[in-house]
Amino acid sequence: MRSMGATQEEYYRGVRMVPYDLVKEVVLAIVGVGVIAVILGAILSSPDVPPVTIAAWAQQDPIDLVTTATSELAGSSTSAGYGAPYNSAGEGQSWGPIAPQKWFGARIPVDSANTFVIQPLQRASFSNTDLGKALSTWQGATADEQTKWLDAYGKALPDATVSDGKVAVATGDYGPLPVMMANLLGVAQAGGLDGLLVINGRFYQTDYTLPLLFMGDGSYLSGLADQAHLTGSQWGMMNETGSYPGQTWLWLYTMWYQVFPFNSDSGFIGLNAGNADLGIIILMTLLTAALALVPFIPVLRDIPRRVPIHRLIWRTYYVPRKSPARRRN
Amino acid sequence: MDSPASYVHWGFILISMPNLLVIGGMIILFAIALAAPFPHAEDGDDVSN
Amino acid sequence: MSATSPPGAVPSESKSWTLRLRQAIDRHLPMDHLLPDRQPYYVGSWVYVFGVVTIAALVWVIVSGVVLSFMGPQWWHDSGLGRFFNSLHFWSVQLFFIFMVLHLWGQYFMAGWRHGRAATWMIGVVIFGVSILTAFTGYLSQQNFDAQFIAINAKDAMNSAGAGAFFNVLNFGQMYGLHVMLLPVGVTFLVVAHIVMVRVRGVVKPIDAEGGARP
């Protein structure tokens with residue numbers, strides 16, 4: 001085994017050195033790569049599909065928006081039952097005793113019913129007495145009454161119809177819900193809900209947690225993503241909109257979502273589709289550590305010696321030259 | 001470039017054509033780098049130490 | 001200003017930290033190792049070029065990124081020139097990852113970690129990981145449809161690991177700040193360390209029958 005030795009002089013003793021211009025190489029590399037990047041940029045441009053707004057969602061699929069808002073009030077939406085870091089309504093993902101999702105609690109508190117429905121409606125009711133009355137009715141009702149209205153309304157929504165952008169359901173006892181939802185939909189279609197959710201009572205804002213969580217609870221955005229092959233079960237992590245290359249370096253990370261046990265409900269040793277995010281993060285952490293530790297892992301570190309690629313790279317070394325100046329160390 | 005990409009579906013693998021071109025191109029580029037002759041500096045050789 | 005004593009020939013206990021630091025640098029990375037004009041004759045394959053073109057791509061990522069950050073997040077949507085710099089940034093990132101992975105393949109098959117170079121390899125893997133994180137925050141900062149969907153999906157992975165409590169992918173301000181400031185500084189620092197480590201030790205020797213592949 002040859003170690004480095006104290007200095008390069010010792011390491012390279014007896015090795016023939018040839019001129020090599022590193023600075024010229026890096027300058028040529030910068031120029032060359034720059035030319036390639038400029039040509040690609042000029043000819044192919046880059047992906048920039050405009051973002052979806054709540055307004056667009058409310059206009060294109062009002063029933064889905066109202067259904068989502070109803071589920072927020074009912075506590076049955078994804079965000080309402082998510083658990084940490086938004087609330088404590090759900091357990092989150094775990095693998096046996098490993099449950100890091102719960103460790104830090106609700107550090108980004110989101111009360112779905114209030115945040116996505118009640119508070120925006122309260123702001124919108126400033127000069128709208130009908131809405132104000134509907135809200136008072138809602139706030140003054142018992143939990144049982146609210147549940148009854150939500151159940152009935154939730155059952156009626158799949159058969160709802162849309163006319164002039166408004167959602168109509170079959171006649172039934174829904175309490176103040178139709179008035180509340182009609183107003184929420186109107187505010188949303190006008191772009192007001194985008195504003196109310198992102199501003200959230202402030203003025204300056206760079207945090208889009210609330211509008212994104214709300215959109216994620218619905219089906220409109222995910223439907224568009226599905227068409228663009230961006231969803232998890234479509235290897236979506238490595239894909240890009242349009243015909244552009246995506247994050248190809250994520251191939252191994254996204255691959256695990258497509259294979260057993262992470263694509264199965266029953267799974268294996270407690271790993272399944274339900275805790276796939278956690279399981280895959282643990283797996284990828286181990287694999288990345290293994291990559292870093294390749295120099296110390298038998299078999300993995302010996303493969304290069306057995307695969308003759310190095311013989312191509314160093315062919316001037318392995319095929320002796322006739323020059324008398326060359327000496328092998 | 002904004003039109004949807006076509007996809008190659010092979011068993012459980014589902015890859016977009018642009019991604020396949022990038023990965024295929026990388027393999028080809030590596031093979032070329034292995035095979036292509038590299039300009040050798042013949043003059044000014046000296047032996048270290 | 002001349003040294004008070006030749007390098008390596010330190011009097012028994014020099015109390016000067018400055019002198020000892022300078023002598024350590026002189027020992028490990030003298031100028032002709034930092035900027036050698038000669039390489040071993042076996043450095044004669046195009047595979048060796050992948051490292052430097054990765055650096056070149058990083059230069060363009062940073063240059064285009066600086067222009068984008070100077071003009072602000074609306075510019076690349078609203079103006080043709082902004083869109084061009086967005087494209088330059090997008091493609092130089094693609095080239096950066098392409099060349100970095102080719103460099104990884106080359107170094108793996110050369111077993112570049114041998115002869116005391118394990119740390120260089122490990123720093124390289126860390127650079128790979130931090131670059132992926134940097135790209136991730138970049139994709140989240142685009143403020144377009146792709147960014148929306150990446151955020152909504154990725155939050156589940158971050159939350160499952162507990163990281164989501166501190167690293168909120170739905171928070172554009174946080175992601176953008178990490179992307180333009182903290183992470184590029186990290187990547188640059190690690191790349192400089194990686195290059196210095198290569199220059200301190202020189203390129204690794206070819207795999208020999210008796211040499212073994214241990215670090």
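## Chain A meets chain C

Chain A puts in 81 residues and chain C puts in 78 residues. Here, two residues are in contact if their C-beta atoms, placed from the backbone, lie within 7 Å. This is a predicted model, where local features need pLDDT of at least 70 and side-chain atom pairs count only at pLDDT 80 or more, while totals for chains, interfaces and linings use all residues. As for labels, residues are numbered from 1 along each chain as its sequence is written, and chains are lettered from A and ligands numbered from 1 in the order in which they are written.

On the chain A side of this contact with chain C, helix H2 (residues 22-44) of chain A gives the largest share, 13 residues. Helices (H or I, at least four residues) and strands (E, at least two) are DSSP runs, numbered from the N terminus. Sort that side of chain A by class and you get 51 nonpolar, 18 polar and twelve charged residues. Ala, Val, Leu, Ile, Met, Phe, Trp, Tyr, Cys and Pro count as nonpolar, Asp, Glu, Lys and Arg as charged, and the others, Gly among them, as polar.

## Strands across and within chains

Strand E1 (residues 16-19) of chain A runs antiparallel to strand E1 (residues 38-40) of chain C, and three bridges join them. Strands pair if DSSP finds at least two bridges between them. Look for Met17(A), which sits opposite Pro40(C) in E1(C).

Chain B has a pair of its own: four bridges link strand E1 (residues 7-10) to strand E2 (residues 13-16), again running antiparallel. Tyr7(B) has Ser16(B) in E2(B) as its bridge partner. E1(B) and E2(B) make a hairpin with two residues between them, and Gly11(B) in the turn has a positive phi of about 65 degrees.

## Chain A meets chain B

In this contact, 30 residues of chain A touch 22 residues of chain B. E1(A) supplies the largest share of the chain A side, four residues. By class, that side splits into 16 nonpolar, ten polar and four charged residues.

## Two helices in chain A

The axes (lines fitted to C-alpha atoms, for helices over the stretch in contact) of helix H4 (residues 62-74) and helix H7 (residues 143-156) of chain A come within 10 Å and cross at roughly 155 degrees. Angles run from 0 to 180 degrees between N-to-C directions. So H4(A) is roughly antiparallel to H7(A), a label for angles over 145 degrees.

Where do they touch? Thr70(A), Leu73(A) and Ala74(A) in H4(A) meet Leu150(A), Tyr153(A) and Gly154(A) in H7(A). That contact has four nonpolar, two polar and no charged residues.

Note on methods. Parallel < 35°, antiparallel > 145°, perpendicular 65-115°, else oblique.
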